[in-house]
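Hi there,

Here is the structure I said I would pass on to you. Please have a look, and my notes follow below.

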Amino acid sequence: MKDFTVQKYAELLDALLDAGYRFLAYEQYCREPGTENREPKTVILRHDVDRKPLNSLRIAELEAEKGIHASYYFRIVEESFRPDVIHRIAALGHEIGYHYEDMSLCKGNTKLALEHFERKLALLRTFYPVTTICMHGAPTSKYDGRALWQVTDYRHYNIIGEPYFDTDFSRLLYLTDTGRCWDGFKVSVRDKIPGYQDEWNRRGWVFHRTDELIAAIRGGQLPSMMLTTHPQRWTDNPREWRKERVAQGLKNEVKRVLIWAKGS
C-alpha cells in the first residue's frame, strides 16, 4: 500500500491506540507538566498546516472519529489561512495555534516582526483562544523565526508553550514527516532536535516509511513522543499524491544544498 495516504495515517493512529497510547494536544501537555513521566505512553499530536487546509480538515475529522484531540498550527498566509476550516477543526475539539514566520515575512526587521506577530495572533484568537505557538521552518529563508524571542518573551502574550522551547525532549521522542519521510531530519533545515537526535539514532528510533514506524509501535519499542505531520502530504487522491511526491523530492534536494552551504 502507498505511504502518505489518509488510509495509512489511519493505520498509524490505530497502531497507537491499540498500543495504549494517550493522545494530548500541545496546550494540554503544557498544562500537565510531567505527564510523560506519569503516563509512559503519551503522544503529543501536532500538525503544521503549511498549505492545503482542506487536507488538514480531513485528518482532523478522522482523528475526531477515533476520539483523538490534536494541535493544528496555521500559518496566516493565503495557502494556509482558511477561516471556515479553522472554525470546523476547532469545533471538532482540536487545538488551534499560530504557526508563526514573522521574521521571514518582515525580512528580519524585529520591530516590524513583533508588530506583525501581535496582529496575526490577535486575528487567530478571533477563532480560538490560542495559547501555544510553533515556528514555521521556512527553509529557504535566512531568518529563523525563533530569533524573535531573543528580544522579548512570548509569554507576555499569554502564550504557555512553544514546542521547540517548552518540550522535554529528554523524555519525549520527536518524530516528524518533514521531507515526506520519518527520517527527514537528514534534510531538514530547522525542524529537528539536534541535541537528542544522536541518542535516538543510537537506540534505533529512526524510521523512513510509515510501515516501519507502525511496526515499532506494535512491537512496543517506542517511548512517549511528539508526532508532527504536515497534512498536505497525506492524501488518497492519486493525482495529488504523485504531485506531492515529486514536489517534495525536489524540495529535499534544495534543502540538502542549503544544509551543505550552511556547513561549508
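How many cavities of 30 Å³ or more does the structure hold? The structure holds one.

Before the details, a word on the source. This is a predicted model, in which local features need pLDDT of at least 70 and side-chain atom pairs count only at pLDDT 80 or more, while totals for chains, interfaces and linings use all residues. Residues are numbered from 1 along each chain as its sequence is written, and side-chain values use heavy atoms, with hydrogens and water left out.

**The cavity**

The largest cavity contains about 80 Å³ of space. A cavity here is a set of points, on a 1 Å grid over the protein atoms alone, where a 1.4 Å probe fits but cannot get out, and lining residues have an atom within 4 Å of a point. Grid points are joined across faces, edges and corners, and the volume is the space filled by probe spheres set on the points.

The lining consists of Leu 173, Tyr 174, Leu 175, Thr 176, Trp 182, Asp 183, Gly 184, Phe 185, Gln 197, Trp 200 and Trp 205. By class, seven of the lining residues are nonpolar, three are polar and one is charged.

Helices (H or I, at least four residues) and strands (E, at least two) are DSSP runs, numbered from the N terminus.

**Two helix pairs**

Helix H4 (residues 53-65) and helix H5 (residues 83-91) have axes that come within 10 Å and cross at roughly 10 degrees. That makes H4 roughly parallel to H5, a label for angles under 35 degrees, with over 145 counting as roughly antiparallel, 65 to 115 as roughly perpendicular and the rest as oblique. Axes are lines fitted to C-alpha atoms, for helices over the stretch in contact, and angles run from 0 to 180 degrees between N-to-C directions.

For helix H1 (residues 6-18) and helix H10 (residues 210-218), the packing angle is about 15 degrees and the axes are 9 Å apart. H1 and H10 are therefore roughly parallel to each other. The crossing of H4 and H5 is left-handed, and the crossing of H1 and H10 is left-handed too. Left-handed means that the near helix is turned anticlockwise from the far one by less than a right angle; clockwise would be right-handed.

**Positive phi**

Most residues other than glycine have a negative phi. Lys 52, however, has a positive phi near 50 degrees. Lys 52 sits in the loop between strand E2 (42-49) and H4 and is partly exposed, at 26% relative accessibility. The bands are buried under 20% relative accessible area, exposed over 50% and partly exposed in between (1.4 Å probe, protein chains only).

Asn 158 also has a positive phi, of about 60 degrees, and is not a glycine. Its place is the loop between strand E5 (133-135) and helix H8 (163-166). Is Asn 158 buried or exposed? Asn 158 is exposed, with a relative accessible area of 60%.

**A few more residues**

Leu 148 is also in the loop between E5 and H8, but Leu 148 is buried at 0% relative accessibility. From C-alpha to C-alpha, Leu 148 and Gly 108 are 9.0 Å apart in space and 40 residues apart in sequence.

Ile 86 belongs to helix H5 and is buried, with a relative accessible area of 0%.

Leu 112, in helix H7 (residues 110-124), is partly exposed at 43%.

Best wishes

How values were computed:
1 Å grid on protein atoms, 1.4 Å probe; cavity = no way out; pocket = protein on both sides within 12 Å on 5 of 7 lines; lining within 4 Å. Nonpolar A, V, L, I, M, F, W, Y, C, P; charged D, E, K, R; others polar.
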